[in-house]
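Hi there,

Here is the structure I promised to pass on to you. Please open it alongside this email, and my notes will follow below.

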Amino acid sequence: MIWFCMAFIGRTFCSNLLLKQSFATCLLIWLGAVSVTLGSPPDEDRTNQRTSRSSSIRVYRSAHFRLHTDLSEPDARSMLVDMESTLDKVATYWRQPVSGIIDAYIIDDLANWSSRDHLNPMTQLMLQHIGGVTIPIPTPKKREPFRQRALMYAISRPDVVRHEVVHAYCCQTFGYSGPDWYKEGMADTICMLPDKQGSVRCPQEVLDSLQSENVPSVNDIIHGPSFTDPLFETIKRAASLVDGNEQSVVAALPSAWGSAEDEMLRKAKQSYAHSWALCHFLLLNKNYNKRFRQLGHSFLQNAKLTFDQVFSNDRDQLEFEFQLFLQNIAQGYQVGLCRWQWDKPFIVLEPGNHIAILIQAAAGYQPTGCTVEQGGTYSFHTEGTWQISPQGKQLNADGNHHGDGQLAGVILSDYRVTETLLLGQSSHFISKGPGQLHVRCQDRWSEIADNAGFVRLTIKREK
Ligand SMILES: [Zn+2]
């Protein structure tokens, strides 16, 4: 039994491949429990015999990788540094150093490779259409300290390589990887999380996909059908048209791929985007990230903990925040700054009473502690100024003439929010319904990180 993972990069029938092409996003697929013969794994002794390989293939070593590649030596060394950096990130997150050395095959140009380099037609087909594949190979217990080796194949695009490094790490260190949404979502999340602030920085195609179609619920994502099985079936069908002759692999592709396959790939891409969004959100939101890590460890150890069990107490809150995340996501969006503060106590103000709180400019909606009642009249007054950009001028809570920097609020009731209430420096309103009042400094969701300052807000119930 073999399970493997693929990194999908798009469709092309050019024999010289998409390996050199730029593609906006990469779709990455893990296929589970399939019985396909991918050929014999490389034997370490053989890989050290240069005469058995194509002349342009070299082997390079780093602390945790044995890299087989047709890249130039400077590019290969640079790639190894990047791979070690990715490995360091995942080992830190899952708190477990990688077991053993990972064999990685990085293909810059398929024309340089042949079956002598352990690249059989099926693997070539996956590299051409998918981009990467990680294959677990069971190992005799006496020979290795771990149950299986990870054989990692990827085209030379850094994001594809990083994605496969995550899978290879999980495969070789834990032996399990969790459901599709977790293994693929986490591999993409780690690849697309380059800065310490956790800003969204991903291919625009992913954001477009998230916002152009039906927005999925958390339930849709975690309980959806496998999105890797249909892709596997497509690859298997395409492979059936290959007769084993290397040259025929490329020739077989046009007839093996049509509009049905394109549609299948479009749906798979969407599932990848959804999985990434959920993992990114749970990894960076302090309301949930500790339990998400606990759940992930359970997945990697093949334990019984489920998502529904872990988030049973605040599932409605999680769903509410996730939907807002999908609604507002953009390059630069920071989940950590936009999380909701659910533990803040709220009170109902009696007429004549007031409360005062500080509202930060560099944050999403913040709880006022005031539960408004239907028909109640409330007045708002702020003191102080804030900035909505580092070089911007100080603004009071009326903001600028575009409305940026204005104090705005929503009323939360039963995990739904009202339309935005523009409060400004001084205002009053009569509440149309009951709920908890949350406010923020109005700014693009992707640009609140560079805001500065705070205002003091006083809310008084007039009657
Ligand atoms: Zn993958």
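Below is what I found, going from the whole chain down to single residues.

Please bear in mind that this is a predicted model, in which local features need pLDDT of at least 70, side-chain atom pairs count only at pLDDT 80 or more, and totals for chains, interfaces and linings use all residues. Residues are numbered from 1 along each chain as its sequence is written.

The secondary structure of the protein chain comes to 14 helices and 18 strands; these are DSSP runs numbered from the N terminus, with helices being H or I of at least four residues and strands being E of at least two. Of the 463 residues in the protein chain, 42% are buried. Here, buried requires 20 or more other C-beta atoms within 10 Å of the residue's own, exposed 12 or fewer, and partly exposed lies in between, with C-beta atoms placed from the backbone. Among contacts with a separation of 6 or more, 73% join residues 24 or more positions apart; a contact needs C-beta atoms, placed from the backbone, within 7 Å.

Leaving aside residues up to four places away in sequence, L278 touches W181, G185, V218, I221 and F322.

The axes of α2 (residues 73-94) and α4 (residues 158-173) come within 9 Å and cross at roughly 45 degrees; axes are lines fitted to C-alpha atoms over the stretch in contact, with angles from 0 to 180 degrees between N-to-C directions. The contact is made by M79, D82, M83, T86, L87, V90 and A91 of α2 and P158, V161, R162, V165, V166 and Y169 of α4.

Finally, have a look at one loop. D414 lies between β13 (407-413) and β14 (416-417), and has a positive phi of about 55 degrees although it is not a glycine. D414 counts as exposed, with 8 C-beta neighbours inside 10 Å. Y415 sits in the loop between β13 and β14 too, with a positive phi of about 60 degrees, and is not a glycine either. Y415 is exposed, with 11 other C-beta atoms within 10 Å.

Best wishes

Conventions:
Contact = placed C-beta atoms within 7 Å.
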